[in-house]
Amino acid sequence: MNIAELYNIFTSHPTVTTDSRECPEGSIFFALKGASFNGNAFAAKALEQGCAYAVVDEAQYAVQGDSRYILTDNCLDTLQQLARHHRRTLGTKIVGVTGTNGKTTTKELIATVLAEKYNVLYTQGNFNNHIGVPKTLLRLTREHQVAVVEMGANHPGEIKTLTDIVEPDYGIITNVGMAHLEGFGSLEGVLHTKGELYDYLRSHNGTAFIHHDNKLLRGIAQGLHLVEYGSADNATLCAGGEVTACNPLLSFRWRHGNGEWHHVDTHLIGSYNISNMLAAACIGLYMGVDMPQIDHALASYVPTNNRSELVQTAHNRLIVDAYNANPTSMKAAIDNFMLIDHPHKMVILGDMKELGAASTEQHDKMAALIDSCHFDEVWLVGSEFAKTSCHARKFADVEEVKAEIARHAPHDRCILVKGSNSTRLAQLKDLL
């Protein structure tokens, strides 16, 4: 069966699943493979659970004479090709979003701004990889006027793979920093891979939204149609702005060119989030959203998923940013925390993962930064921070932290909780 024939089936059964435990009635099951599972083995179960069809790539799992089984060479390739075919058929305008830090928040801000005028589809959660991206595209309907699709990567070539599926009309790289060095090898490797979004836009006459002040991004943006945002001192920018307050919630003002100032009080923690706000304002302006609508959207957005959340408990004020961590984002979080006015500040930091050979050096640098800040209390969690000479309390894992909180819970503190998702520091939110 070719993609066109499969697409005819999809038009009648426009829901796909890759999990035999979640099989909406009439959906299509794709039997994907992983390091420890073979989806082909669950095809029959998926049909029993309610799927109308099962796409498999091993002949022994396709029951002879049963037309519900669709045999293909590679289920993942077929899923991706189907998503691209669907995207081309609908022709929806798509904004592609990638970057080291801030891409999920920026994606959500862009979607929130564009939703003031358009029917918007956007990536849910962290569905930003080679499986999540095609599943996002396959959620597109003719009612959607624009889509905002997040694309993540931790190895070279992955953004090229995703852009070849998404075929974005517009794109934004939020920034480039030191993350996933285990896969990329160096900052240059990160830059090259993120820049694959620019490569696609350049070769397809697309438009890139770019932070004017980011020299790394400007260095790889030659030959692109650029729409710029950034600090407020350049009147030629689509959106320029500056922080007016951040203690701890961000307030800022922005304008288009040298026009009227717009003041926005946000629900986001961190002065570093102004670039994400300006990116959303810039894209909104470019796509015809009125300025008061942009102000409303940016002021209304409330972060979730342990990203720059402000949580007031019975005993403490928490800044929870425990979904991800790398040297760039952790330094930004600590620098911003230093600016917050509170008499008793405490940090609980977890290991930064996927740094490869650079891990020891980067954790040592972070430990030195922490020592220089003179916080009231510092708790470090994980085997990498354990190796450092930082003058702090050290815990092997989050369970040890939980035990300490049960014995001696902090009170009357402003606490920054930051670490890679695998350190599970987000579990501390309800205990502090």
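# Sheets, cores and packed helices in a predicted model

Strand β2 (residues 28–30) and strand β3 (residues 53–56) run parallel and are joined by three bridges. Within this pairing, Ile-28 has Tyr-53 of β3 opposite it. The model is predicted.

## The four-stranded sheet

β2 and β3 belong to an open sheet of four strands. The order is β1-β2-β3-β4, and the pairing is parallel. Which strands stand at the edges? They are β1 (16–17) and β4 (69–71). Each has a single partner strand, so one side of each lacks a neighbour in the sheet.

Helices pack on this sheet. Helix α1 (residues 3–12) touches β1, β2, β3 and β4. The direction of α1 makes about 130 degrees with that of β2. Helix α3 (residues 75–90) touches β2 and β3. For α3, too, the angle with the direction of β2 is about 130 degrees.

## The six-stranded sheet

Another open sheet has six strands, in the order β14-β15-β19-β16-β17-β18. Its pairing is mixed. β14 (309–312) and β18 (393–395) are the edge strands, each pairing on one side only. From one strand to the next, the twist averages 15 degrees.

Strand β17 (residues 377–381) pairs with β16 and with β18. Five bridges join β17 to strand β16 (residues 345–350), and the two run parallel. Here Gly-350 has Val-381 of β17 as its bridge partner. β17 and β18 are also parallel, over three bridges. Trp-379 stands opposite Arg-393 in β18. Helix α16 (residues 398–407) packs on the sheet and touches β17 and β18. Its direction makes about 145 degrees with that of β17.

Is β17 mostly covered or mostly uncovered? Mostly covered: four of its five residues are buried.

## The nonpolar cores

In soluble globular proteins, nonpolar side chains tend to be buried together. The largest nonpolar core in this model has 53 residues. Phe-30, Leu-137 and Tyr-198 have the most contacts inside it. Helix α3 gives the largest share, five residues.

Leu-137 shows who its neighbours are. Not counting residues up to four places away in sequence, Leu-137 touches Ala-83, His-86, Arg-87, Ile-94, Val-149, Ile-165 and Val-166.

His-86 is placed in helix α3. Ser-251 sits in strand β12 (residues 249–255). Ile-283 lies in helix α11.

| Residue | Relative accessible area | Contacts |
|---|---|---|
| His-86 | 5% | Tyr-7, Phe-10, Leu-137, Leu-138, Leu-140 |
| Ser-251 | 12% | Val-243, Thr-244, Ala-245, Val-264, Asp-265 |
| Ile-283 | 0% | Val-95, Ile-110, Leu-114, Ile-172, Phe-209 |

Why does Ser-251 count as buried? Its relative accessibility is 12%, and buried means under 20%.

His-86 and Leu-140 are 54 residues apart along the chain, and their C-alpha atoms are separated by 8.1 Å. Ile-283 and Thr-266 are 17 residues apart along the chain, and their C-alpha atoms are separated by 18 Å.

## Helix α9

Helix α9 covers residues 196–203. Its buried residues are Glu-196, Leu-197, Tyr-198, Tyr-200 and Leu-201. What do they pack against? Their partners are β5 (93–98), α6 (158–166), β8 (170–173), α8 (187–194), β9 (207–211) and α10 (215–219). One of these buried residues, Tyr-198, is also among those with the most contacts inside the largest nonpolar core. Just after α9, Asn-205 takes a positive phi of about 55 degrees.

## A packed helix pair

Two packed helices are described by the angle between their axes and the distance between the axes. Helix α11 (residues 274–286) and helix α12 (residues 291–300) pack at about 150 degrees. Their axes are 10 Å apart. The crossing is right-handed.

Which residues make the contact? From α11 come Met-277, Ala-280, Ala-281, Gly-284 and Leu-285. From α12 come Met-291, Ile-294 and Leu-298. By class, seven of the contact residues are nonpolar, one is polar and none is charged.

Methods
Residues numbered from 1 in each chain as written. Predicted model: local features only at pLDDT ≥ 70, side-chain atom pairs only at ≥ 80, totals over all residues. Heavy atoms only, no water. Axes fitted to C-alpha atoms, helices over the stretch in contact; angles between N-to-C directions. Left-handed = near helix turned anticlockwise from the far one by under 90°. Contact = heavy atoms within 4.5 Å. Nonpolar A, V, L, I, M, F, W, Y, C, P; charged D, E, K, R; others polar. Pairing = 2+ DSSP bridges. Core = buried A, V, L, I, M, F, W, Y, C linked by side-chain atoms within 4.5 Å. Buried < 20%, exposed > 50% of the residue type's maximum accessible area, 1.4 Å probe, protein only.
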